[in-house]
Amino acid sequence: MSLDGITTHFLAKELNECLTGGRIDKIYQPDRYDIILIIRQETKNYRVLLSANPAGPRIHISTSTRENPALAPSFCMLLRKHLAGSRITGVSSLSYERIIEISVLTTDELGDRKEKRLIIEMMGRYSNIILVNAENRIFDSLLHVDSQMSRVREVMPARPYVYPPDQGKLTPFEALQIVKTGELPLVEAAASRPLEKALQESLVGF
């Protein structure tokens, strides 16, 4: 099943209710594309799979166990350094895009509290998992995207994190407000297209 922005929006709401307040206890990377977070929430442990696999990017609670490499990959080690022991303060999604953010609060060696975000971008072959600080600077990402790979958006350590370009589409909420006026929720550029195509090109999340 392909993941769309509307499903992502409600998935983030469910994960937020389930995981907020939980403590990230352990972090594993069983293969190139997948990260597993073991989150302790009161007396229950949740195994949360984050996947940037181009064939099926996703985030969900899992009950299956997988064998982990004897030596953890470098990105997994970085996540352990920054996130192990942190508290989840919220799970949110970017306005009907296929992006979910896990916000956490950590304590550094000096006892200072730091806010960080683990961003899961679930966009087919452009999928990625990215760790950023409170200033929106990238610590590192599962997959690096340099200027030769993308002129629009670099994803590299120390670079500012930039959201994917806005598509100029209507959100489902905006579309419903337009429907209430008796009009079709279409952007001007798509108005001459067949209706099913026009709606797809006009509405974000589909």
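The lining of the largest pocket consists, by class, of 14 nonpolar, seven polar and seven charged residues, where Ala, Val, Leu, Ile, Met, Phe, Trp, Tyr, Cys and Pro are counted as nonpolar, Asp, Glu, Lys and Arg as charged, and the others, Gly among them, as polar. The model is a predicted one, in which local features require a pLDDT of at least 70 and side-chain atom pairs count only at pLDDT 80 or more, whereas totals for chains, interfaces and linings use all residues. Residues are numbered from 1 along each chain as its sequence is written, and side-chain values rest on heavy atoms, with hydrogens and water left out.

The space in the largest pocket amounts to about 710 Å³. Among the 28 residues that line the largest pocket, Met123, Tyr126, Ser127, Arg153 and Pro164 are the closest to its centre. Grid points are joined across faces, edges and corners, and the volume is the space filled by probe spheres set on the points.

The second largest pocket holds about 370 Å³ of space. It is lined by 20 residues, of which Thr106, Thr107, Asp108, Lys114 and Lys116 are the closest to its centre. In terms of class, this second lining has four nonpolar, six polar and 10 charged residues. At least two of its residues come from each of α2, β6 and β7, and β7 gives the most, with four residues; helices (H or I, at least four residues) and strands (E, at least two) are DSSP runs, numbered from the N terminus.

Helix α2 spans residues 74–83, and its buried residues are Phe75, Cys76, Leu78, Leu79, His82 and Leu83. Viewed down the axis of α2, these buried residues fall within an arc of 160 degrees, so they line one face of the helix, the arc being that of the directions from the helix axis to the C-beta atoms. An α-helix has 3.6 residues a turn, so residues three or four places apart point the same way. On the face of α2 turned away from the buried side lie the exposed residues Ser74 and Lys81. Here, buried denotes under 20% relative accessible area, exposed over 50%, and partly exposed the range in between, with a 1.4 Å probe and protein chains only. The buried residues of α2 pack against the strands β1 (23–28), β2 (34–41), β6 (99–107), β7 (113–121), β8 (128–133) and β9 (138–141), contact being taken as heavy atoms within 4.5 Å. Just after α2, Gly85 adopts a positive phi of about 85 degrees.

Tyr161 is buried, its relative accessible area being 4%, whereas Tyr163 is partly exposed, with a relative accessible area of 31%.

The loop between β9 and α3 (172–180) contains Arg159, which is partly exposed at a relative accessible area of 35%. Apart from neighbours within four places in sequence, Arg159 is in contact with Asn136, Arg137, Ile138 and Glu154. Arg159 and Ile178 are 19 residues apart in sequence, and 39 Å separates them in space, C-alpha to C-alpha. Ala158, located in the loop between β9 and α3, has a positive phi of about 75 degrees although it is not a glycine. Asn136, placed in the loop between β8 and β9, likewise has a positive phi, near 70 degrees, in a residue other than glycine, and Asn136 counts as partly exposed at 22% relative accessibility.

Val187 lies in the loop between α3 and α4 (195–202) and counts as buried at 19% relative accessibility. When residues up to four places away in sequence are not counted, Val187 touches Gly168, Leu170, Glu201 and Ser202. His9, which belongs to helix α1 (residues 5–19), counts as buried at 18% relative accessibility and touches Ser93 and Tyr96, residues up to four places away in sequence again not being counted.

Technical notes
On a 1 Å grid over the protein atoms alone, a cavity is a set of points where a 1.4 Å probe fits but cannot get out, and a pocket is an open set with protein on both sides within 12 Å along at least five of seven lines; lining residues have an atom within 4 Å of a point.
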